[in-house]
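The following note concerns the sheets of the model shown here and the helices set against them. Please read the points in order.

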Amino acid sequence: MAEAYSDFASVYDELMDNIPYDKWASYLYGLLLEYNVNDGIVAELGCGTGNITEILASLGYDMIGIDNSDTMLDIANEKKYENESNSLYLLQDMREFELYGTVAAIVSICDSINYITEPKDLLQVFKLVNNYLDPKGVFIFDFNTRHYYKDIVANSTIAEDRDDISFIWDNYYDVETDINELTLNLFIQKQDDIYRKYQELHLQRGYTLDEIKELISSSGLTFECAYDAFTKNPATNNSQRIYVIARECGK
């Protein structure tokens, strides 16, 4: 079974065409402006194929996209050249990412944080974020809640059949480990109407807001607020996706 996003990368954008990236980026942009990040360098952790990275670049930010999938970054770089942007894409694991200096803001959306399945590793991510932010710099990220994995998608199957691609998502949530196992079976049409099967395993951890706040505090960052995704309403126990804003607070 392939690692996450290896075979999926080539068809990621096609299958994720239901995600309103423009609206997501607009919401994120509003949060950046709210915290006075009007320009400067912004790094995105888990940038994938660069959809959000390139939108933020078009809004005037000097973007750095970081991802641990070279195949995803290949596509991101294609978008960079098409858009004639100056985005810099780095092949790095967010648990040990390195930048050339500090940045005005770091963002991470599309539940990239949930792929860090060990709290100690997520603490390391937060510590690195604090290290690479400008003084009082802003960290904005989202995550899928434990409620989402346990009560909404647990033990569910999602399937879709398209002209040249079919896929089956099988979810299994382990209540003892809080890990959601998502097995992705892809059937991609090649030549002569022959379909090739690919299989990937995606592991994501369901976190609670209290756990996230504790890790933020332990990392040296300062927690600012948490919103129910795409609103300005405070996050609740019923939130499925939460946006968190934190700030750098000394090295």
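Across which strands does helix H6 lie?

1. Helix H6 (residues 146-153) lies across S7, S8 and S9, and runs at about 110° to S7. Helices (H or I, at least four residues) and strands (E, at least two) are DSSP runs, numbered from the N terminus. Angles run from 0 to 180 degrees between N-to-C directions, with axes as lines fitted to C-alpha atoms, for helices over the stretch in contact; contact means heavy atoms within 4.5 Å.

2. This is a predicted model, in which local features need pLDDT of at least 70 and side-chain atom pairs count only at pLDDT 80 or more, while totals for chains, interfaces and linings use all residues. Residues are numbered from 1 along each chain as its sequence is written, and side-chain values use heavy atoms, with hydrogens and water left out.

3. An open, antiparallel sheet is formed by four strands in the order S6-S7-S8-S9; two strands pair if DSSP finds at least two bridges between them. Its edges are S6 (157-161) and S9 (195-205), each pairing on one side only. The twist from one strand to the next averages 10°.

4. Within that sheet, S7 (residues 165-174) and S8 (residues 179-189) are antiparallel and share 10 bridges. Phe167 has Leu186 of S8 as its bridge partner.

5. Seven strands make up an open sheet of mixed pairing, ordered S3-S2-S1-S4-S5-S11-S10. S3 (88-91) and S10 (222-228) are the edge strands. Here S4 (residues 103-108) and S5 (residues 133-144) run parallel, joined by five bridges; Ser108 is partnered by Phe141 in S5.
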